[in-house]
Amino acid sequence: MSGKARGKKKDEKPPPATGPGSRIVSLPEPLKKKHIKRLEDGKVHLQFGTANMKSLPIEIYDNEELSALTVRFNAENNRLKKLPKSLAALENLEYIDVKNNAMSSFPASVSRMKKLVTLDVTNNSIKKLPPAIHKATALTTLLAPNNRLRALPKNIGKAGSLEFLDVSHNLLKSFKKGVYEMPGHIDLSSNRLTDMPAATVKKPHIKRLDLAHNSIAVVPESIDRLKCLTHLDLSYNSLDELPAQIGMVKYLHYLDISNNTLKAIPDEICCLGYALDTLRLANNEIAKLPDDLHKLKKLRVLDLAHNQFEYMPTSTAQLPAIKTINVSGNKLRSMKFAVTLTGLEQLYVADNLVEVIPDEIFHMKALVTLDVSGNSIRELPESIGKLRALKSLNAARNKISQLPETLGQDQLLTFLDVSNNRLTVVPSDLRKLRNLESFLIGHNEIAAMPKSIEFLYQIRTLDVGTNGLTELTLPKTLTHLVLSDNPLIVNSSDYRSTLVVMGDKDHLRNLTHLKLCKLGLDEVPASVFNLRLLKHLDMSQNHIKTLTDSVCKLRGLEELVVSNNELEGLPAGLYALQQLRRLVLRENGLTEFLPAILKLFSMEELDLSYNNLRLLPDNFGDLKKLQRLDLSHNDLVMFPQDRVDVLASLYELDVSHNHIDQMPIHFPYLYRLRILRAKSNDLTSLPGEMERLQSLEIFDLSDNILAALPETICKLPAIRELDVSDNKITVGFPKAWENLRQRATVVCGEQSSHKERPPQDRPQKEEEVKDSPKGKKKGGKKSPSSARKSPSSARKSDVIKSAPPVAT
């Protein structure tokens with residue numbers, strides 16, 4: 001009997017991986033280990049994020065146990081071009097995240113997923129959403145910004161459970177009035193909308209409507225029918241007036257109409273007296289407010305910055321609930337309108353024509369933040385010391401010659417900015433400012449700082465740049481320090497010198513940001529290398545010739561700026577700075593690219609402009625996090641030929657003012673590139689498949705020797721600015737050129753068919769050295785490098801033939 005049992009067990013077959021009766025245990029081992037995660041309740045989370053995948057394993061759609069248990073699905077940051085219809089087989093999915101892929105569509109079957117709560121398809125190339133998406137009855141959040149949407153589904157307003165729909169940064173030119181029936185929040189910002197449809201719907205449930213950054217010129221008079229609307233953002237549009245009916249949207253709490261061309265606002269806005277909480281009207285042309293503004297009983301935030309106000313109406317002083325007023329960037333000469341607002345907490349009067357702060361300012365007992373920067377104020381009144389609630393005072397860019405002795409007395413002042421004034425001395429007893437965390441006093445005429453500055457035990461940020469300081473005693477608690485442009489005495493044998501003792505024992509050991517610009521330094525002070533917490537170091541505009549290996553001790557350094565110096569090279573051990581994200585070596589006279597840079601794998605921004613570089617290495621692709629690369633104003637004659645196409649993260653590239661004669665054939669595969677400046681080079685042609693630069697918005701090709709443009713340049717989907725002026729294009733414009741000019745700003749300028757460039761000494765082409773010993777392997781076979789096309793031969797076909805995709 002036991003033998004029969006053993007025999008029966010031996011004959012049992014394992015469950016299948018797909019089809020009827022399939023189980024998770026039968027799936028391939030790598031799939032189970034890497035991508036299938038069991039949650040605490042026994043459910044399953046499929047994790048395919050950042051896996052460099054072009055497609056997903058088909059088994060996940062046809063496994064019965066997986067279909068029943070999977071509730072979360074992540075496949076973000078890959079190269080997926082589509083998902084199969086069988087995605088709906090994962091019928092219990094509640095969360096789908098496929099952002100940052102290359103999908104042009106999304107399966108319509110998602111509409112049948114009755115438990116789906118969140119769908120994120122951000123940053124793809126999707127041209128339309130599933131038409132029946134409203135049938136996904138549990139869907140509350142749909143995120144689809146940064147796609148290629150040109151229209152919304154007709155019945156999107158019938159999605160009764162949808163609380164948040166984000167379709168910002170798409171290509172929408174209009175939307176149907178049915179959108180107003182949505183019960184939640186829709187973000188339509190940064191599209192191409194030119195108007196709002198009339199709000200003539202039976203059940204307008206919309207609560208929040210974001211239409212910022214469009215080209216809307218008119219708000220419909222039927223806006224008052226949106227009875228549930230509480231939040232309306234129309235900033236950055238083309239409005240020159242508002243309808244009176246805006247005052248009838250009785251539950252409107254938040255209204256933003258900043259950055260338009262309004263000259264006035266309707267008096268009816270005051271009818272929102274018991275609803276309106278925030279009113280933003282900045283960057284318009286308004287010179288007058290309604291006389292009944294005081295009827296806005298609930299108004300807490302009033303933003304009138306950058307308008308045409310010469311005075312504030314008396315009704316402003318009668319706003320009972322007001323907490324924040326911003327009138328910066330106007331033409332005000334007086335601040336007296338505010339002194340009676342005893343409940344005001346934040347007042348911004350920067351960049352006006354104010355000359356005097358009224359003594360009555362002490363009545364503003366609740367004032368926490370005061371910004372009077374950029375005026376013509378000559379002194380701060382003694383009464384400012386009576387503002388006991390004041391924590392932040394910005395009086396920069398005025399004409400103040402001394403600080404009142406009362407400042408800081410019985411106050412909790414934590415931020416003080418008096419930079420760019422005419423101060424010659426600082427109060428001798430700074431212990432009154434014992435709560436200061438940030439003290440900005442740069443760009444004055446101060447010759448000495450009092451020793452009492454040591455008693456500022458809370459201070460973290462100190463800027464004393466551009467004064468007349470020869471020596472300085474510093475608090476030990478600093479994390480941010482600016483010493484630039486002072487006649488500091490640098491004496492390595494003086495143990496009291498600031499630049500000698502920093503980093504020793506407990507002297508400034510907590511510094512994370514340090515600026516030592518324009519100090520006449522010939523070398524980096526050795527004490528700097530003891531600052532092991534340092535993250536940002538700027539030593540621009542000195543006479544530094546070399547960086548020693550000691551800089552590699554700063555393992556936490558994230559930003560290093562050594563521009564406008566006399567650097568001859570970098571230490572070979574620079575690769576130890578694996579946290580370095582920004583490196584600026586501008587204007588140093590460098591003649592050779594520094595190989596150590598290519599090992600800084602966290603690099604996001606690299607500036608080598610205004611040097612004398614002639615050649616670049618061929619392994620730029622190792623800098624896989626690089627976002628900004630500035631190589632302008634050098635002597636470059638060519639791009640790196642093999643790896644520039646894998647800089648997938650690059651979104652800004654400047655190679656202007658060089659001698660480059662061609663772009664690599666794979667260049668269009670920089671699909672995240674937004675800004676490309678190639679002005680003043682020797683370009684004679686462009687590679688084909690330019691439309692693959694799907695994110696390119698600004699393209700400068702001016703002052704080259706282009707005789708023609710490829711047809712594909714008119715297919716750049718996101719282009720906003722294109723400059724091809726000062727070339728040789730007389731008859732070589734593409735057929736769709738006029739269509740391109742209608743949707744983007746195109747500069748053609750003057751063209752000359754006789755334009756030429758002086759010849760440059762360019763490196764020897766690969767085809768010319770393919771027979772050399774280095775170009776061959778044993779047995780006479782050519783090496784892979786010698787089998788490549790030379791740049792010259794590639795140039796002849798790069799406009800016609802399409803380049804194969806390159807893995808990124």
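1. Burial is judged here by relative accessible area, with buried meaning under 20%, exposed over 50% and partly exposed in between (1.4 Å probe, protein chains only). By that scale Trp737 is buried, because its relative accessible area is 5%, while Phe733 is partly exposed at 29%.

2. The model is a predicted one, in which local features need pLDDT of at least 70 and side-chain atom pairs count only at pLDDT 80 or more, whereas totals for chains, interfaces and linings use all residues. Residues are numbered from 1 along each chain as its sequence is written, and side-chain values use heavy atoms, with hydrogens and water left out.

3. On confidence, where pLDDT is the predictor's confidence in each residue, from 0 to 100, the protein chain averages 88, and 90% of the residues score at least 70. Over residues 766-808, however, the pLDDT is below 50, although the model gives this stretch 62 contacts beyond near neighbours in sequence, a contact being heavy atoms within 4.5 Å. Residues 1-5 also stay under 50, and for them the model has zero contacts beyond four places in sequence. Where pLDDT is low, the predicted coordinates should not be read in detail.

4. Four aromatic pairs are present in the structure; rings of Phe, Tyr and Trp (its six-membered ring) pair if their centres lie within 6.5 Å, and planes under 30 degrees apart count as stacked, over 60 as edge-to-face and the rest as tilted. One of the pairs joins Phe175 and Tyr180, edge-to-face with 6.0 Å centre to centre and 85° between the planes, and both of these residues are buried. Phe733 and Trp737 form a tilted pair, because their ring centres are 5.1 Å apart and their planes stand at 40°.

5. The structure holds zero disulfides, a disulfide being a pair of cysteine sulfur atoms within 2.5 Å. For Cys270, the nearest cysteine sulfur is that of Cys271, 7.2 Å away. Cys270 counts as buried at 8% relative accessibility, and Cys552 counts as buried at 10%.

6. The lining of the largest cavity has eight nonpolar, no polar and three charged residues; Ala, Val, Leu, Ile, Met, Phe, Trp, Tyr, Cys and Pro count as nonpolar, Asp, Glu, Lys and Arg as charged, and the others, Gly among them, as polar.
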